[in-house]
Amino acid sequence: AKDYSIEKIDMQVTILEDGSLKVDQTLEYNFNGSYNGIYITIPEGLEDTKYNSIRRKTAIVSDSMYNASNVTINKISVKNKKFIEKNYANNGENGVYTITNEKNLKKIKVFSPTSYASKIFDISYTLNNVAIKHNDIGEVYYNFIGGEWDEDIKKLNIDIKLPNNISKEDLYAFAHGPENGVVTIQDDNNINLY
């Protein structure tokens, strides 16, 4: 039977001084059959209804400040071959990608025909308006993965780099995910989600 699996997603996230995030993401797929490529979804302005219901009861500010906006795709590549953005592409094309906006998501279709093989896709993008600077604390609340994956992700690794954090003791990290997930504050400037 034709199927595919998402073996691993690795994200290297850097919080920039202006509150945006730079994300370098590697996706490893295993294809059992012939496929045209993959879809990558990037949450943008995604609503978290459970979180919003709690915030409405307790917050004095709008949740909209926690929604990423203006996703900029910096680069998509396979084996260091840079792909080119097109407004429209046909199945069977190679080395191109298209972007559509769909339900608060950037949906990227990467055209890279593959048959019975593993393939690694690299994508680099920037998200604006993610990190918030309050009077007493800085905060990032973002759904890095979203819920638009057709297959389970077998392994997920997210490394988050913070700019100029002074002390590991003043750093807190939480994640919503599977029970076997691990959150580690590695040092003053690095958090790992696995």
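Visitor: What do β1 and β2 form, and which residue in the turn has a positive phi?
Guide: This is a predicted model. In it, β1 and β2 form a hairpin, with five residues between them.

Visitor: How many bridges join β1 to β2, and do they run parallel or antiparallel?
Guide: Strand β1 covers residues 3-15. Ile-15 of that numbering stands opposite Leu-21 in β2. Twelve bridges join the two strands, and their direction is antiparallel.

Visitor: Which residue in β10 is the bridge partner of Val-13?
Guide: Strand β10 spans residues 153-161. Eight bridges join β1 to β10, and these strands run parallel. In β10, the partner of Val-13 is Ile-160.

Visitor: Are the rings of Tyr-4 and Tyr-35 stacked or edge-to-face?
Guide: The structure holds seven aromatic pairs. In the pair of Tyr-4 and Tyr-35, the centres are 5.6 Å apart and the planes stand at 75 degrees. Planes over 60 degrees apart count as edge-to-face. So this pair is edge-to-face.

Visitor: How many residues apart are Tyr-4 and Tyr-35?
Guide: Tyr-4 is in strand β1, and Tyr-35 is in strand β2. The pair links distant parts of the chain. The two are 31 residues apart.

Visitor: Is Tyr-35 buried or exposed?
Guide: Its relative accessibility is 17%. Buried means under 20%. Therefore Tyr-35 counts as buried.

Visitor: Are the rings of Tyr-29 and Phe-31 stacked or edge-to-face?
Guide: Their centres are 5.7 Å apart, with the planes at 10 degrees. Planes under 30 degrees apart count as stacked. So the pair of Tyr-29 and Phe-31 is stacked.

Visitor: What is the relative accessible area of Phe-31?
Guide: Tyr-29 is buried, with a relative accessible area of 3%. Phe-31 is buried too. For Phe-31 the value is 3%.

Visitor: The charged end of which residue sits over the ring of Tyr-35?
Guide: Tyr-35 belongs to one aromatic cluster with Tyr-4, Tyr-29, Phe-31 and Phe-121. A charged end sits over the ring of Tyr-35, 4.5 Å from its centre. That charged end belongs to Lys-2.

Visitor: Which strand gives the largest share of the lining of the largest cavity?
Guide: The structure holds one cavity of 30 Å³ or more. Among its lining residues are Gln-25, Ile-40, Tyr-125 and Trp-149. The lining divides into six nonpolar, two polar and no charged residues. The largest share, four residues, comes from strand β2.

Conventions
Residues numbered from 1 in each chain as written. Predicted model: local features only at pLDDT ≥ 70, side-chain atom pairs only at ≥ 80, totals over all residues. Heavy atoms only, no water. 1 Å grid on protein atoms, 1.4 Å probe; cavity = no way out; pocket = protein on both sides within 12 Å on 5 of 7 lines; lining within 4 Å. Points joined across faces, edges and corners; volume = space filled by probe spheres on them. Nonpolar A, V, L, I, M, F, W, Y, C, P; charged D, E, K, R; others polar. Pairing = 2+ DSSP bridges. Phe/Tyr/Trp six-rings, centres within 6.5 Å; stacked < 30°, edge-to-face > 60°. Buried < 20%, exposed > 50% of the residue type's maximum accessible area, 1.4 Å probe, protein only. Lys NZ or Arg CZ within 6 Å of the ring centre and 35° of its normal.
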